[in-house]
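Biologist: I would like to learn how to read a few features of a protein model. Could we take them one by one, starting with the strands?

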Amino acid sequence: MNSLEGQFLVAMPDMEDERFAESVILVVGHGSEGAMGLVVNHELANLRFADILDELDLGDPDAVIRLPDSIRQRAVMRGGPVEKGRGFVLHTGDYQSGNTYKVSDDIGLTATLDVLKAMAFGPAPRSSLLALGCCGWSPGQLEEEIGANGWLTVPFSRELLFDIPVEQRYDRALESLHITRASLSPEAGHG
């Protein structure tokens, strides 16, 4: 199977693992050592970007309080069940640090505090998404799950990642394949 890095995985409606029910995951790494991704459509309840800044002491508390609500109230995604306490930021390619992993020409992944400071106080990436935790697959595991009809693959869309409201991302990912929840079958289409 070709690398799925930079593409989305969309959970089939009959996904047995409830942690991934109705999930849209951006695959940020995929190779012979396995795969890694971030769920981009499930918010953590009662946790906002300002809470992360406060928890990590990233900036003067007064400066954090003065941040615009659009920054303070940004959602934090539940990135996955692995390393739940670790933060990952998906961002546009206009932001780079020495610790940025290039997912594609347009998207980077940074998991260090410098990107959080940039998101809060500038210079910020044009678009970004903060997730706690990630998803991981051992070598061959993701390919097996796709073969067992657990996931659909969807080409990358900047709009889906950053612009579509979080609660609409699952349905919009399906729509990009010209299907709906009702048209999906739990039976694999192998001949």
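Modeller: Strands here are DSSP runs of at least two residues, numbered from the N terminus. Two strands pair if DSSP finds at least two bridges between them. Keep in mind that this is a predicted model.

Biologist: Which strands does a hairpin join, and through how many residues?

Modeller: The hairpin connects β2 to β3 by way of two residues. Strand β2 covers residues 24–31 and strand β3 residues 34–39; they pair in the antiparallel sense, with six bridges.

Biologist: In what sense do β1 and β2 pair?

Modeller: β1, residues 8–11, pairs with β2 in the antiparallel sense over three bridges. Follow Ile25 to see both pairings: Ile25 is the bridge partner of Leu9 in β2, and the bridge partner of Ile25 in β3 is Val39.

Biologist: How many residues of β2 are buried?

Modeller: Seven of the eight, so the strand is mostly covered, because buried means a relative accessible area under 20%.

Biologist: Now the aromatic rings. How is a pair of them described?

Modeller: By the distance of the ring centres and the angle of the planes. This structure holds three aromatic pairs. In one of them, the ring centres of Phe8 and Phe156 are 5.8 Å apart and the planes are at 10°, so this pair is stacked. Phe8 belongs to strand β1 and Phe156 to the loop between β10 and α6, so the pair ties together parts 148 residues apart in sequence.

Biologist: Why is the pair of Trp137 and Trp151 called edge-to-face?

Modeller: Planes over 60 degrees apart count as edge-to-face. The rings of Trp137 and Trp151 have their planes at 85° and their centres 6.3 Å apart, so the pair falls in that class. Trp137 is in strand β9 and Trp151 in strand β10, 14 residues apart, and the pair links distant parts of the chain. Both Trp137 and Trp151 are buried. Together with Phe20, they form one aromatic cluster.

Biologist: Which residues lie closest to the centre of the largest pocket?

Modeller: The largest pocket has a volume of about 270 Å³. It is lined by 17 residues, and the closest to its centre are Met15, Glu16, Glu145, Gly150 and Trp151. β9 gives the most to this lining, with three residues. By type, the lining of the largest pocket has eight nonpolar, four polar and five charged residues.

Biologist: What lines the second largest pocket?

Modeller: This pocket holds about 220 Å³ of space. It also has 17 lining residues, with Ile52, Leu56, Gly87, Leu116 and Leu132 nearest its centre. α1, β6, α4 and β9 each give two or more residues to the lining of the second largest pocket, and β6 gives the most, with four. The lining of the second largest pocket divides into eleven nonpolar, four polar and two charged residues.

Biologist: Last, the cysteines. How many disulfides are there?

Modeller: A disulfide needs two cysteine sulfur atoms within 2.5 Å, and by that rule the count is zero. For Cys134, the nearest cysteine sulfur is that of Cys135, 6.8 Å away. Cys134 is buried, at a relative accessible area of 4%. Cys135 is also buried, at 1%.

Methods:
Residues are numbered from 1 along each chain as its sequence is written. This is a predicted model: local features need pLDDT of at least 70, side-chain atom pairs count only at pLDDT 80 or more; totals for chains, interfaces and linings use all residues. Side-chain values use heavy atoms; hydrogens and water are left out. Buried means under 20% relative accessible area, exposed over 50%, partly exposed in between (1.4 Å probe, protein chains only). On a 1 Å grid over the protein atoms alone, a cavity is a set of points where a 1.4 Å probe fits but cannot get out, and a pocket is an open set with protein on both sides within 12 Å along at least five of seven lines; lining residues have an atom within 4 Å of a point. Grid points are joined across faces, edges and corners, and a volume is the space filled by probe spheres set on the points. Ala, Val, Leu, Ile, Met, Phe, Trp, Tyr, Cys and Pro count as nonpolar, Asp, Glu, Lys and Arg as charged, and the others, Gly among them, as polar. Rings of Phe, Tyr and Trp (its six-membered ring) pair if their centres lie within 6.5 Å; planes under 30 degrees apart count as stacked, over 60 as edge-to-face and the rest as tilted.
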